[in-house]
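Please look through the sequence and the structure shown below. The report that follows takes up charged pairs, surface patches and helices in turn.

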Amino acid sequence: MSPVPGVSREVASAGVADASSGAGDASVDAADASAATAHAPAAATRTSVGVEGEAAPAGGANTSVGVGGVAAPAGAAYTSVGVEGEAAAAGAARTSVGVEGEAAPAGGAHATVEAPGVDGEATPAAAVPGNPVDVSGGVPVDRPKPLHDPDPYSTPPYGQPGPWAPAPPVQLPATPPAHGTPSPAPPAAVQAPVAPSGHPVHGAPGPTPGEPTPVVPSPAAPPASPWQNYDPWAAAAPLHQTGAAVASQEQRRKRGIRVLVLGAVVLALVSGGIGGAVGVYLERTGGVTDVELPQAGQESKERAADSVAGIAARALPSVVTLHVKGSAGEGTGTGFVLDGLGHILTNNHVVEPAGSSGEISVTFSGGETAKATVVGHDSGYDLAVVKVSGVGGLKPMPLGNSDNVQVGDPVVAIGAPFGLANTVTSGIISAKERPITAGGEKGDGSDVSYVDALQTDAPINPGNSGGPLLDSKARVVGINSAIRSADSSSDQSHQAGSIGLGFAIPVNQAKRVAEELINTGRATHPVIGVTLDMNYTGDGARVGAKSNDGGSPLTRGGPGDRAGIRAGDVITEVDGQRIHSGEELIVKIRAHRPGDRLALTVERDGKEKPITLVLGSASGD
């Protein structure tokens with residue numbers, strides 16, 4: 001404890017030093033720093049002696065004696081005596097005495113002496129331990145709060161750590177100076193009195209002004225260590241068990257960013273793996289909901305005008321389906337509107353079953369149905385015209401020019417194959433001027449048609465007959481009429497399908513015939529006025545020896561007779577084109593109009609002779 005103001009220096013309690021090996025370090029009175037010191041008896045811990053050198057009785061713990069040298073009674077802990085040397089009452093803990101030497105009441109803890117000027121009576125001890133009282137008025141004096149809570153074991157705050165003292169916190173060593181930089185010298189320390197053990201004496205007074213300060217030689221300073229400035233009671237600082245340097249705020253921020261990025265990558269990988277696994281599972285198992293198939297959205301219905309769809313869209317309103325019933329049978333065919341008057345063009349073999357008393361029903365692409373009557377027909381050209389009445393809003397089909405058609409041109413066929421109305425197929429022109437004959441069921445050749453046809457690979461089947469063959473501008477270039485079938489059976493009731501060999505009447509020929517049928521009800525045929533030998537197997541067409549009735553094979557005054565053709569002549573060319581049979585010659589002639597000039601090459605007696613004639617006219621059926 002520090003000396004109390006107003007009391008002579010001799011009244012202060014003797015300091016306490018640690019006891020060692022049963023006889024601890026003894027402290028001496030401050031009056032003589034060089035006084036003799038006696039060892040305390042065995043078992044006395046932290047025992048102080050008086051100036052006279054008598055040791056405290058055995059068993060005294062931290063016992064002090066007065067200036068007169070009388071030891072404090074045994075069992076007194078931290079007991080001080082008065083100026084006159086009387087010990088404080090036994091059992092008093094850390095007891096102080098008054099000015100006149102009377103001890104404070106026994107049991108008083110940390111009692112404070114009476115203020116100066118009082119007649120020797122001690123002031124009562126403070127009620128609360130450790131709370132000093134102002135000696136002038138008895139008012140508590142504020143004292144700075146210690147950095148640490150009081151030690152319940154009364155361990156000296158700056159003594160050697162006891163066995164129960166907590167270990168000090170770990171503190172980083174000071175950063176050593178850079179290589180080559182001299183270390184600053186530590187400040188000079190004030191030497192305090194030390195006991196023989198080398199530790200400073202607790203409570204020893206400082207040097208008196210004017211007196212020389214005894215200097216005790218200190219042991220050699222240990223080597224410079226990072227711990228030499230260690231202060232266990234300093235404020236807590238950021239520490240590391242490894243001794244690594246404390247990271248700066250920027251380093252901590254960068255490290256946090258790296259941790260976040262790494263976490264995001266790990267999260268993405270884990271999420272991707274889980275998502276992939278779930279996706280594979282759903283793909284293999286079909287998912288957990290109803291299956292809904294993908295489908296394209298709504299699109300525009302407009303198509304290019306020259307596409308198959310564009311051609312069909314423009315042509316279908318003009319195409320009709322014909323249902324024919326009569327005494328000779330019934331059938332289905334196709335036709336198309338020629339004009340706004342209700343005229344419809346089709347094949348002769350389509351309307352033939354109706355005869356003179358049959359029934360013809362026309363169905364338009366929109367579903368409307370109307371009755372039709374035959375205007376005219378011609379078996380030689382296999383064409384017929386029917387007419388509907390009382391039908392408005394008819395859309396005529398535009399006609400093209402078959403002479404402009406070239407092999408390879410795209411074409412579209414529309415019809416009702418096997419009764420399937422408004423069927424659209426497409427293909428190309430496979431060949432031109434293909435001579436074909438159709439019909440002949442009567443046996444006398446009167447129903448045989450000779451056509452210089454357009455060949456197409458567009459699928460044409462029974463029911464397509466009479467339907468239009470359209471070019472890329474949706475114009476009629478031919479009338480579908482016949483097909484070559486793989487079925488070679490002579491049974492006409494058996495209908496075979498298309499094998500890609502379809503034939504159409506050129507529209508130029510059909511136009512002339514249709515106009516004649518509408519205007520006169522009959523069609524005219526161009527003729528040369530000769531009878532041909534249809535049994536001739538040689539190359540070309542040979543003029544017969546006689547007519548069918550046994551007369552001359554040449555019509556008197558006819559085109560052939562006037563041109564000089566004789567019986568037995570072989571016609572080999574028509575307009576410079578080679579012909580190989582009588583059917584081909586008829587087809588080439590039928591491709592022209594009556595009155596057209598025709599150039600022929602005739603072979604007679606092994607010599608060829610050119611002949612020119614003007615075609616005559618014959619009435620059709």
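In this predicted model, the residues D539, R578 and E608 are joined to one another in a network of salt bridges.

| Salt bridge | N to O distance | Relative accessible area |
|---|---|---|
| K371 and E359 | 2.8 Å | K371 52%, E359 42% |
| D471 and R475 | 3.1 Å | D471 13%, R475 32% |
| D569 and R604 | 2.8 Å | D569 2%, R604 19% |

The side chains of K371 and E359 meet in a salt bridge; because K371 belongs to strand β7 (residues 369-378) and E359 to strand β6 (residues 359-364), the pair ties together parts that are 12 residues apart in sequence. Of these two residues, K371 counts as exposed, whereas E359 is partly exposed.

In the bridge between D471 and R475, D471 is buried because its relative accessible area is 13%, and the cut-off for burial is under 20%.

A nonpolar patch of about 650 Å² is made by L262, V266, V270, I274, V278, Y281 and L282. One of these residues, L262, lies in helix α1, which runs through residues 249-285, and L262 counts as exposed because its relative accessibility is 56%. In an α-helix there are 3.6 residues a turn, so residues three or four places apart point the same way.

The other patch carries positive charge and is formed on the surface by R252, K254, R255 and R258. Of its members, R258 lies in helix α1 and, with a relative accessibility of 54%, counts as exposed.

Which residues of helix α4 are buried? They are V507, Q509, A510, R512, V513, A514, E516 and L517. Helix α4 covers residues 507-520, and because its 14 residues should span 20 Å at 1.5 Å a residue, the 19 Å between its end C-alpha atoms agrees with that expectation. After α4 comes G521, which has a positive phi near 85°.

How values were computed: Residues numbered from 1 in each chain as written. Predicted model: local features only at pLDDT ≥ 70, side-chain atom pairs only at ≥ 80, totals over all residues. Heavy atoms only, no water. Patch = residues over 30% accessible without salt bridge, like charges linked within 9 Å, V, L, I, M, F, W, Y side chains within 5 Å. Areas by Shrake-Rupley, 256 points an atom, 1.4 Å probe, with all protein chains shown as cover. Salt bridge = Lys/Arg side-chain N within 4 Å of Asp/Glu carboxyl O. Helix = DSSP H or I, 4+ residues; strand = E, 2+ residues; numbered from the N terminus. Buried < 20%, exposed > 50% of the residue type's maximum accessible area, 1.4 Å probe, protein only. Lys, Arg positive; Asp, Glu negative; His and termini not counted. Charge placed at Lys NZ, Arg CZ, Asp CG, Glu CD. Expected span 1.5 Å × (residues − 1).
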